[in-house]
Amino acid sequence: MPRRSEPSPSPLPSITLRGYGESIWLEARAVWLQQKGTRRRIPIAAVEGARVTGRGGRSVEVALWGSDGAPGPVFVVEGRDASAAARLVEVINRERSETAPPQGGTPLVDVLPTGTSEAVRRRKRRTGAETFAVLAVYLGGIAGLALAGRPFQALLWAAGVMPLALGLLLVGPAAVAARQRWVLRKQGVAVVAQFAHGNGQRKHFRYTDLEGGVHEVRADYAAPGIGGDPQRIEVVYDPEDPNKAVCTLAVRTLVWRTAGVVLFGVPVLLLGVGMTVGQAVSLFF
């Protein structure tokens with residue numbers, strides 16, 4: 001007689017609890033921890049139990065199975081959502097194994113790279129240098145206009161940084177996103193992405209490229225579900241860099257966003273440019 005195959009364990013619900021610089025979520029029969037620059041994957045078989053802890057019941061404590069009579073390590077994630085913490089603990093305790101692995105839970109834990117490498121440190125140094133340069137130009141402009149005997153223009157320069165920064169914040173990301181969307185519209189590949197983890201406006205979806213590679217993208221909050229299903233959306237990725245992708249948005253969403261940038265962001269940016277760059281140019285003409 002043919003041997004009946006055992007049903008494979010069902011995947012865990014995608015529940016996420018975020019804290020201040022750390023998070024915990026469930027994915028693929030495992031508990032994932034992101035803490036202090038370290039990411040850990042803890043198979044559910046390694047977990048002895050979990051409980052809600054902390055002020056307001058917003059934190060989660062996950063205990064691993066010990067070995068040789070010694071207790072296993074305990075990880076605590078300080079969260080910000082009591083209801084998410086309760087759901088997370090409920091699922092972990094429901095799915096955990098009733099018996100400990102022979103070697104305990106610690107050897108089953110994988111410590112994974114998080115990208116906090118030399119590239120991240122270089123980016124931080126570059127950001128610091130750029131901030132110093134902007135501050136030097138800003139203070140230098142005020143001092144130059146004041147020394148040139150133009151106090152009113154110095155005041156305009158000093159106040160103009162606010163509309164300039166706001167305008168750049170509104171127009172800059174929108175222009176970059178529009179350019180990326182335009183490029184991918186011509187050469188990108190459209191695929192279906194499935195919900196992976198997250199909640200609220202921080203949802204991540206997973207998609208597979210034509211070569212079989214699996215990638216994740218943080219979904220745009222306005223991305224419509226395929227056929228009304230919020231667990232499935234369409235994304236377009238760059239075939240030369242499959243990690244680069246954008247969510248497909250409704251035409252009306254793109255129209256409203258463009259109108260908002262043009263009608264509000266561009267005038268604010270032009271006002272800021274006139275109050276800062278315009279004053280600097282007036283020193284030479």
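The side chain of Asp209 reaches the backbone nitrogen of Glu211 at 2.8 Å, and the side chain of Asp209 also reaches the backbone nitrogen of Gly213 at 2.8 Å. The model is predicted: local features need pLDDT of at least 70, side-chain atom pairs count only at pLDDT 80 or more, and totals for chains, interfaces and linings use all residues. Residues are numbered from 1 along each chain as its sequence is written, and side-chain values use heavy atoms, with hydrogens and water left out.

**Asp209**

- Asp209 lies in the loop between β10 (202-208) and β11 (214-218); helices (H or I, at least four residues) and strands (E, at least two) are DSSP runs, numbered from the N terminus.
- The two backbone nitrogens reached by Asp209 belong to Glu211 and Gly213; a polar contact is a pair of N or O atoms within 3.5 Å, where within protein one must be able to donate a hydrogen and the other to accept it, and residues adjacent in sequence count only if both atoms are side-chain atoms.
- Asp209 is buried yet has no salt bridge, and the nearest side chain of opposite charge, that of Arg206, is 12 Å away.
- Buried means under 20% relative accessible area, exposed over 50%, and partly exposed in between (1.4 Å probe, protein chains only).
- For charge, Lys and Arg count as positive and Asp and Glu as negative, while His and the chain ends are not counted.
- Leaving aside neighbours within four places in sequence, Asp209 is in contact with His215, Tyr237 and Pro242, contact meaning heavy atoms within 4.5 Å.

**Salt bridges**

- A search of the whole structure finds 7 salt bridges, each defined as a side-chain nitrogen of Lys or Arg within 4 Å of a carboxyl oxygen of Asp or Glu.
- One of them joins the side chains of Arg29 and Glu95 (3.0 Å, N to O). Arg29 lies in the loop between β2 (23-26) and β3 (30-35) and Glu95 in helix α1 (residues 82-95), so this pair ties together parts that are 66 residues apart in sequence.
- Arg29 counts as partly exposed because its relative accessibility is 22%, and Glu95 counts as partly exposed at 22% relative accessibility.
- Glu61 and Arg51 meet through their side chains in a salt bridge (2.9 Å, N to O). This pair links distant parts of the chain, with Glu61 in strand β6 (residues 59-64) and Arg51 in strand β5 (residues 47-53), 10 residues apart.
- Arg51 is partly exposed, with a relative accessible area of 44%.
- Asp220 forms a salt bridge with Arg257, their closest N and O atoms being 2.8 Å apart. Asp220 lies in the loop between β11 and β12 (232-238) and Arg257 in helix α4, so the pair ties together parts that are 37 residues apart in sequence.
- Arg257 counts as partly exposed, at 30% relative accessibility. Salt bridges that share partners join Glu27, Arg206 and Glu216 into one network.

- Gln35 has its place in strand β3 and counts as buried, at 12% relative accessibility.
- A polar contact of 3.3 Å joins the side chains of Gln35 and Glu22, and a polar atom of the Gln35 side chain lies 2.6 Å from the backbone oxygen of Val76.
- Not counting residues up to four places away in sequence, Gln35 touches Glu22, Arg40, Phe75, Val76 and Val77.
- Val74 is found in strand β7 (residues 74-77) and is partly exposed, with a relative accessible area of 44%.
- Val74 touches Glu61, Val62 and Ala63, not counting residues up to four places away in sequence.
- Val74 and Ala174 are 100 residues apart in sequence and 43 Å apart in space, C-alpha to C-alpha.

**Surface and backbone**

- Val262, Leu263, Val266 and Leu270 form a nonpolar patch on the surface, together having about 390 Å² of accessible area.
- Patches are made of residues with over 30% relative accessible area and no salt bridge; like charges are joined within 9 Å and nonpolar side chains (Val, Leu, Ile, Met, Phe, Trp, Tyr) within 5 Å.
- Accessible areas come from the Shrake-Rupley method with a 1.4 Å probe, and for residues only the protein chains shown count as cover.
- Leu263 is found in helix α4 (residues 251-282) and counts as exposed, at 68% relative accessibility.
- Asp68, in the loop between β6 and β7, has a positive phi of about 55° although it is not a glycine.
- Most residues other than glycine have a negative phi.
- Asp68 counts as exposed, at 81% relative accessibility.
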